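Hi,

Here's the structure I promised to pass on to you. Have a look at it first, then read on for my notes.

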Amino acid sequence: MRSVYKKTSVIIFNKIVTTNYHLPVLSINHLQYSKMATVKVNPRIGVCQFTATSNKEENFSTCKSLIEKSAALGAKVIFLPEACDYIAETIQSSVDMAESLDGPILTQFKQLAQSNNVWLSAGFHIKSKSDENRVYNSHVMINSEGVITAVYNKAHLFDLDIKNTVKLTESSFTIPGSHIIEPIQTPVGRLGLATCYDLRFPDMAITLRQQGAEILTYPSVFTQTTGLAHWEPLLRSRAIENQCYVVAAAQIGKHNNKRTSYGHSMVVDPWGTVIAQCKDGTDVCLAEIDHEYLYKIRQDMPVQSHKRTDLYSPIN
């Protein structure tokens, strides 16, 4: 066996970006090569990035533009960040501005999905029926018919207090989710739903992988401080250890005088290579999901079957 660099191309708007990554291949004869040379069309995803504020209408207008642009470029599933409906300036405003799953904002997103014939993954503040002082941080999947197919409520809440830098206490206005949603079938593969801070808990990603996930997705609002240090390493780690694609649509920039987000929305392949990434500011990047490549990695390096559950407890 020898090693080569396999080349892959992704599209960021009208530019082709090529990356190399190292993987082992076997020698092949001419007949085998001819068969491999057959053109294969992989499903395409769009990953969006923007700066949400407390203005719902402006936020929706930006999302609409990004969705339409992604759809025009051939994306079948489009990923938006956490809190794409709004980022409020106060805790009370965050609670007051929340809507139900059949509220005006989500209704508009359902119509967008249907009119553009795409699936949407996005994060919203969802009003609680039982607690008027807190909301759910929900990752919502909408299919191309405009129907909600899954709702995951963020389980791990972000409480951070770095002196003179940043203080966020999500638990003060958010109800933690009580369960993990099994991966759902989409036009680009089986999607495992998580949100932002969930990224730091590998057990959750492992559980989703064991349940059949081919793609792990993390809509996010990562802080500038933690993003600079940990964003890409965490995303690549979840991809490598679970041999999944990882998709992370993120907020970027200054939302208000109290809050700034890191951005760097990206797609990581199952080998741990960043194959698409948004530039600074409002942007969308596209990537293809290659299932043949994903399962070749899992076959060539079957780490799941190498686990020593006789030495440590399996994740159920």
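**What Trp-231 touches**

Setting aside residues up to four places away in sequence, Trp-231 touches Leu-199, Tyr-218, Ser-220, Phe-222, Thr-226, Ala-248, Ala-250, Tyr-262, Gly-263, His-264 and Met-266. Before you read too much into that, keep in mind that this is a predicted model.

Trp-231 also shows up in the largest nonpolar core, which has 49 residues. Along with Ile-45, Leu-235 and Val-267, Trp-231 touches the most other members of that core.

**The whole chain**

If you'd like the overall picture, the protein chain has seven helices and 18 strands. It is 316 residues long, and 49% of them are buried. Take the contacts between residues at least 6 apart in sequence: 68% of these join residues at least 24 apart.

Now find strand E6, residues 135-142. Seven of its eight residues are buried, so the strand is largely enclosed by the rest of the structure.

Which strands pair with E6? One is E5 (residues 119-127), which runs antiparallel to E6 and is joined to it by eight bridges. To see this pairing on screen, look for Ile-126, which stands opposite Tyr-136 in E6. The other is E7 (residues 148-153), also antiparallel to E6, with five bridges between them. Here you can look for His-139, whose bridge partner in E7 is Tyr-152. E6 and E7 form a hairpin with five residues between the strands, and in that hairpin Gly-146 takes a positive phi near 80°.

**A histidine to look up**

Last stop: His-255, which you'll find in strand E14 (residues 252-256). Is His-255 buried or exposed? Its relative accessible area is 7%, and the cut-off for buried is under 20%, so His-255 counts as buried.

What does the side chain of His-255 make a polar contact with? The partner is the side chain of Ser-261, at 2.6 Å. Ser-261 is also among the residues His-255 is in contact with once neighbours within four places in sequence are left aside; the others are Thr-51, Ala-52, Thr-53, Ile-87, Val-221 and Thr-260.

Happy browsing!

Key. Residues numbered from 1 in each chain as written. Predicted model: local features only at pLDDT ≥ 70, side-chain atom pairs only at ≥ 80, totals over all residues. Heavy atoms only, no water. Core = buried A, V, L, I, M, F, W, Y, C linked by side-chain atoms within 4.5 Å. Buried < 20%, exposed > 50% of the residue type's maximum accessible area, 1.4 Å probe, protein only. Contact = heavy atoms within 4.5 Å. Helix = DSSP H or I, 4+ residues; strand = E, 2+ residues; numbered from the N terminus. Pairing = 2+ DSSP bridges. Polar contact = N/O pair within 3.5 Å; in protein donor to acceptor, adjacent residues only side chain to side chain.
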